[in-house]
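Please examine the sequence and the structure shown below before reading the notes.

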Amino acid sequence: MTAPFSDDISPNSELPVVRMLPKANARAIRHGFPWVYANEMVTDRRTKAIPAGGLAILQDEKRQPLGLVAMNSNSKIIARVLDTDVDAKLDHDWFATRIARALRLREQLFDAPFYRLIHAEADGLPGVIVDRFGDTCVVQPNAAWADVHLETLCAALADVTGVTTVLKNAAGRTRVLEGLDDVSRAVIGTAPDAPLPVEMNGATYMADLTGGQKTGLFFDQRPNHAFTANLSKGARVLDVFSHVGGFGLAALAGGATSALAVDGSAPALDLATQGAAAMGKSGAFSTRQGDAFEVLTSLRAEGAQFDVIICDPPAFAPSRQAVEAGLRAYEKVARLAAQLVAPDGILGLCSCSHAADLAQFRNACVRGIGRGGRRASLIHTGFAGADHPLLPQLAESGYLKALFFRL
C-alpha cells in the first residue's frame, strides 16, 4: 500500500500530507465537493495523530495536490477542504477575505443588518454558521477547525462588519458529532441581557441570542414568511411548531384577523407574545403550549377551523438512518393539520431535514393530506432565503423545503 505521507512538503508550511485512496472520488474534490469521508482516505497512526482541527495537505492517489484541509479523525467527515491553494495561511486576512465577500452579498440583499452572514461551505467557511443581529453576531463553529481558529475568525468578523459583540453558540447536534464542547460564551463584547427585536416582513420578532434555539431566530424562513403573509389577509391562522411566532406574526403583519401559535416551549411562546405586543397585535394573537400532535388532535375535537395553517417542525429526519421514521412523522403532521383547514384554505408544510429530499417530503405530505380526507393542489414550493446560499456540489446545504397546498 502506498504510504499515506509524502516526503514533499508544501513550500510555505510543514503540514502533514494526507492522501485519498485509489478508488476514492478525487475528481469530486477537484470539482468543488468540500468533504472527504473517512473511508476515502489512507489512514494510519500518523494520520490519526493529527489533532482534531489540525491542517494538512490533501493529495490524490497520484500525489497531486488537491488543497488545504482541516482534519478530524473522530468524524465521518475526516477532512474538510478549506482552500484549493495548498500554501494558504489561515490568518486574519484569510478569514477577512471570505467574510467580506459574504457581507457584500448580504448588503445587496438587505437594507438592515439582520441576516445569515456565513452559511458554512457555501460561503467558504466549512461548518461555520454566523447570524447577524445588528451590532451582534452569533457564531456556531460546528467543525473542529473552526473551534481551533475561533479567536482569529471572530476578530476578522468584528473588523469586517464593525459589530461590537460576537457570541459563540456551542449548542447543536453537529458539534457533538465533531467531539466538541457545549460551552457557549461571549468571544468579543458582552452578551445581551434581554431579547433583541428583529423586524422582518413587517413583523417584529424577539430573538434570545443566549438562551434560544439555534442562534435565536430562523432567518432561513424569511421568504416563506412573506409568502404566507400575502395569503393571510382576513384569515384565521394556525402556526404549529411556531418557535418565536415566525409564521403567525408574519401573517398578522399581512392582515390576518387572528393567529394561534403552538409550540412545546413556553419561553419561545413568551417571546412570540412579546413580538405580537411590539407589533400592537396582542388582541389578535394567542398561544397554546403542548405537544404539536396532541394539540392538533385536540383542535380537531373542538371543531376548530383555520383559513391558513403552517407547520414548521424540527428536523424529523436528521440523518439517513432516521429518514423512514421522519417521513412518517411528516405524513402524520400533514394528516392532522389537513383536517383543520377550512374549504379552499391553505396548508403550508415545512421540512429542515437535509436527509429527506424534496420528492420524499412532498410524497409524505400528499399521503398525509389524502389520509386526512382532503384533496390538494400544490401552489408554491419555497426554500431558504438567498442569505442561505446553496453549494451546488453539496446537496445537504439545500436543507429547507416549504410546500404550500390549497385544500
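In which hand, left-handed or right-handed, does H7 pass H8? H7 passes H8 in a right-handed crossing, where a crossing is right-handed if the near helix is turned clockwise from the far one by less than a right angle, and left-handed if anticlockwise. The model is predicted, and local features need pLDDT of at least 70, side-chain atom pairs count only at pLDDT 80 or more, and totals for chains, interfaces and linings use all residues. Residues are numbered from 1 along each chain as its sequence is written, and side-chain values use heavy atoms, with hydrogens and water left out.

**Helices H7 and H8**

- Helix H7 (residues 222-231) and helix H8 (residues 246-253) have axes that come within 8 Å and cross at roughly 45 degrees; helices (H or I, at least four residues) and strands (E, at least two) are DSSP runs, numbered from the N terminus.
- H7 is therefore oblique to H8, given that angles under 35 degrees count as roughly parallel, over 145 as roughly antiparallel, 65 to 115 as roughly perpendicular and the rest as oblique.
- Asn224, His225, Thr228 and Ala229 of H7 make the contact with Gly246, Phe247, Ala250 and Ala251 of H8, contact meaning heavy atoms within 4.5 Å.
- This contact of H7 with H8 divides into 4 nonpolar, 4 polar and no charged residues; Ala, Val, Leu, Ile, Met, Phe, Trp, Tyr, Cys and Pro count as nonpolar, Asp, Glu, Lys and Arg as charged, and the others, Gly among them, as polar.

**Helices H3 and H5**

- The axes of H3 and helix H5 (residues 150-161) cross at roughly 45 degrees and come within 9 Å; axes are lines fitted to C-alpha atoms, for helices over the stretch in contact, and angles run from 0 to 180 degrees between N-to-C directions.
- H3 and H5 are therefore oblique to each other, and their crossing is right-handed.
- Among the residues making the contact are Phe95, Ile99 and Leu103 of H3 and Leu153, Leu157 and Val160 of H5.
- By class, the contact of H3 with H5 comprises 10 nonpolar, 3 polar and 1 charged residues.

**Helices H11 and H12**

- Helix H11 (residues 323-338) packs against helix H12 (residues 358-371) at an angle of about 40 degrees, the axes lying 7 Å apart.
- H11 and H12 are therefore oblique to each other, and the crossing of this pair is right-handed.
- Residues of H11 including Leu327, Tyr330 and Arg335 meet a set in H12 that includes Phe361, Arg367 and Ile369.
- The contact of H11 with H12 has 9 nonpolar, 2 polar and 4 charged residues.

**Cavities and pocket**

- There are 3 cavities of 30 Å³ or more; on a 1 Å grid over the protein atoms alone, a cavity is a set of points where a 1.4 Å probe fits but cannot get out, a pocket is an open set with protein on both sides within 12 Å along at least five of seven lines, and lining residues have an atom within 4 Å of a point.
- The largest cavity holds about 110 Å³ of space, a volume being the space filled by probe spheres set on the points, with grid points joined across faces, edges and corners.
- Of the 14 residues lining the largest cavity, Phe218, His225, Ser242, His243 and Gly246 lie nearest its centre.
- The second largest pocket has a volume of about 470 Å³, and H3 supplies the largest share of its lining, 4 residues.
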